[in-house]
Amino acid sequence: MKSKLSIRSHFDYLFEQISLFCEEIKQADITQAYYFKLPPVQKKDELSAPDSVHVEKLTGQDAFSHCISSYKDLFIDKKESGKVLTRHPGILLVNDPKNEIQNRLVEINLAKDAFKELILEITNNDARFEAVHSAVPSLVTLAAYRKIHFEQAVPYSVRFTWMTKHSTKTLSKKAALDILQRSSQYTNPRAIDQNNWQSIVEQERVRVSSLSDSAKLRIRRPTRVSPEVNVRFSAKNRYHVSGALPFILLNPQKETKIGELKNYSRDGNDPRKKEYNYLIERIYLETING
């Protein structure tokens, strides 16, 4: 078991590096600052994937202040939801002729990796949670892990988009039937009455029962969309990283095109959208081919 002192000392070093960075960047030459403010997640919406997200674009000093605060956003504080990480999409364009900011960012990300590696050595989830929150009360562990992404070269463009993910869990036919058995005992507020609800679940059970015992199944549930930063040098030379924290472009040049994060709206007519043939759409259950 990792000692409380070891966890605390690793975190204190990480937080010290972040604090030094925040002070240093306040003195740096910032040529542009954008912050794309997202609505807070309500506790009742923790498990849902929203159909739309409104983005408020901030610029100048207001954006810069939000960016600085976001790098230290590691604690639960007064957030209503502790299960959904607060995302802070944005970008700072910073002149860094002596590579001081770049060196600090490298050190921060190394410290984040070291802290994450230390925590993940505790294999039991409950023990890990207890160890972390005993050493650093109110810490949102995943927030401490996420890196500050930056670029020191001269890209053609830095743009923002939304990334859609799915939470995937494979299961056997028996496990799927067990889930449906438990479902039949629940009250579904959308059903007219309990008998109708149980009839719906029974039809689902028949569908699963008709499969072979060796059938491969999975639940592929859509999760909350998250902002992403796309850095492009050419058609074939590009990469994307998480936009959970403000991106930093070092020594920016005028030819680099800077985009912004637009409002998100789930578009059912998107030609890139993959159609899923769910066996039971209610719980996103599908068969796995092959």
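The crossing of helices α1 and α4 is right-handed, the near helix being turned clockwise from the far one by less than a right angle. This is a predicted model, in which local features need pLDDT of at least 70 and side-chain atom pairs count only at pLDDT 80 or more, while totals for chains, interfaces and linings use all residues. Residues are numbered from 1 along each chain as its sequence is written, and side-chain values use heavy atoms, without hydrogens and water.

**Helix packing**
- Helix α1 (residues 4-26) packs against helix α4 (residues 125-135) at about 65°, with the axes 8 Å apart.
- On α1 the contact (heavy atoms within 4.5 Å) is made by K4, I7 and R8, and on α4 by A131, V132, S134 and A135.

**Sheet**
- An open sheet of mixed pairing holds five strands in the order β3-β1-β4-β11-β5; two strands pair if DSSP finds at least two bridges between them.
- Its edge strands are β3 (56-59) and β5 (150-151).
- Strand β1 (residues 29-37) runs antiparallel to β3, joined by four bridges.

**Aromatic pairs**
- There are eight aromatic pairs, counted when ring centres lie within 6.5 Å.
- F15 and F75 have ring centres 6.3 Å apart and planes at 65°, so the pair is edge-to-face (over 60 degrees; under 30 is stacked, the rest tilted).
- F15 is partly exposed, at 26% relative accessible area (buried is under 20%, exposed over 50%, partly exposed in between, with a 1.4 Å probe and protein chains only).
- The F21 and Y71 rings, with centres 5.2 Å apart and planes at 75°, are also edge-to-face.
- F21 lies in helix α1 and Y71 in helix α2, 50 residues apart, and both are buried.
- Ring pairs join F11, F15, F75, F115 and Y145 into a cluster.

Key. Helix = DSSP H or I, 4+ residues; strand = E, 2+ residues; numbered from the N terminus. Axes fitted to C-alpha atoms, helices over the stretch in contact; angles between N-to-C directions. Phe/Tyr/Trp six-rings, centres within 6.5 Å; stacked < 30°, edge-to-face > 60°.
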